[in-house]
Each structure stands twice: as structure tokens, then as C-alpha cells.
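Trainee: I've got a model open and I'd like to learn how to read it. Can we go through it together?

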Amino acid sequence: QVQLVESGGGLVQAGGSLRLSCAASGRTFNRYAMGWFRQAPGKEREFSAGISRSGDSTYYADSVKGRFTISRDNAKNTVYLQMNSLKPEDTAVYYCAAKSIASSVYDYWGQGTQVTVSS
């Protein structure tokens with residue numbers, strides 16, 4: 001089992017940047033593929049970015065491609081989401097999630113961190 005704690009959210013003006021971090025507990029972090037999801041008010045939670053266990057492969061939703069970068073540091077049990085050129089429509093609660101080797105879905109979720117982009 002893994003516990004996830006996000007940080008780094010906040011209020012930023014349109015065009016600005018934020019870096020989210022997600023710290024994972026345990027010694028098996030590199031056994032989990034990781035992802036970032038977001039949920040805006042009144043909308044369903046949606047996938048934003050994903051990264052493989054080794055960090056060699058990354059995946060992005062079209063809405064964030066070219067602006068967001070996911071990365072991980074397995075030595076620090078941490079996954080990051082660098083968000084640049086932020087837009088008001090990026091406003092949401094951002095969640096970190098982990099997917100174990102044997103699973104086809106994300107098994108573990110953090111509590112979320114609020115990102116608000118003002119126009």
C-alpha cells in the first residue's frame with residue numbers, strides 16, 4: 001500500500017507557473033506508475049498526465065500537452081507536475097494517483113491540492 005500527499009497548489013495569474021509535488025510513503029515507489037488528475041467545480045475528474053514506473057514514458061491529455069510536464073524522482077519517492085502557461089480553465093483540485101503493476105486502474109489517491117488561476 002502507498003500513501004500520497006500532494007503539495008504546491010495555490011493562486012496564480014494566467015500565464016504563470018506552478019510546480020506540484022506528490023510525496024509517496026513506503027519503499028516500493030518505483031513499482032507504481034503515477035498520474036495526475038484534476039477535477040474542476042461541477043465537472044468530473046479527468047486525467048492530466050501519467051508517467052511510467054521508470055520515468056521513461058510520459059503521457060498527457062491534449063488539454064495540457066506542451067504546457068505541463070510530469071516527472072519523478074524514485075530516490076525521493078516523489079512525482080512532480082510542472083505547470084506552465086497556466087490558464088483560468090486549469091483551475092481545479094489536482095490529485096496524485098498511483099497504479100500498481102497488477103492493476104489496470106489507479107489504486108491509490110492523494111487528498112488533492114487546489115490550483116486557482118486568475119484571469
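Mentor: Start with Glu6, which sits in strand β1 (residues 4-7). Strands here are DSSP runs of E, at least two residues long, numbered from the N terminus. Keep in mind that this is a predicted model, where local features need pLDDT of at least 70, side-chain atom pairs count only at pLDDT 80 or more, and totals for chains, interfaces and linings use all residues. Residues are numbered from 1 along each chain as its sequence is written, and side-chain values use heavy atoms, with hydrogens and water left out.

Trainee: Which side chain of opposite charge is nearest to Glu6?

Mentor: First the terms: buried means under 20% relative accessible area, exposed over 50%, partly exposed in between (1.4 Å probe, protein chains only). Lys and Arg count as positive, Asp and Glu as negative, while His and the chain ends are not counted. A salt bridge needs a side-chain nitrogen of Lys or Arg within 4 Å of a carboxyl oxygen of Asp or Glu. Here Glu6 is buried without a salt bridge, and the nearest side chain of opposite charge, Arg45, is 7.9 Å away.

Trainee: Then which backbone nitrogen does the side chain of Glu6 reach?

Mentor: That of Gln111, at 3.0 Å. The backbone nitrogen of Gly112 also lies 2.9 Å from a polar atom of the Glu6 side chain. With contact taken as heavy atoms within 4.5 Å, and neighbours within four places in sequence left aside, Glu6 touches residues including Trp36, Cys22 and Cys96.

Trainee: How many disulfides does the structure hold?

Mentor: A disulfide is a pair of cysteine sulfur atoms within 2.5 Å, and there is 1. Cys22 and Cys96 form it, with their sulfurs 2.1 Å apart. The pair links distant parts of the chain, 74 residues apart: Cys22 is in strand β3 (residues 18-24) and Cys96 in strand β9 (residues 92-99). Both cysteines are buried.

Trainee: Back to β1: which residues are on its covered face?

Mentor: In a regular strand the side chains alternate between the two faces of the sheet. In β1, Leu4 and Glu6 make up the covered face, Val5 and Ser7 the uncovered one. Strands pair if DSSP finds at least two bridges between them; β1 and β3 run antiparallel, joined by 4 bridges.

Trainee: Is Asn77 buried or exposed?

Mentor: Asn77 counts as buried because its relative accessibility is 16%. Asn77 lies in the loop between β7 (68-73) and β8 (78-83), and its phi is near 55°, a positive value in a residue other than glycine.

Conventions: A polar contact is a pair of N or O atoms within 3.5 Å; within protein, one must be able to donate a hydrogen and the other to accept it, and residues adjacent in sequence count only if both atoms are side-chain atoms.
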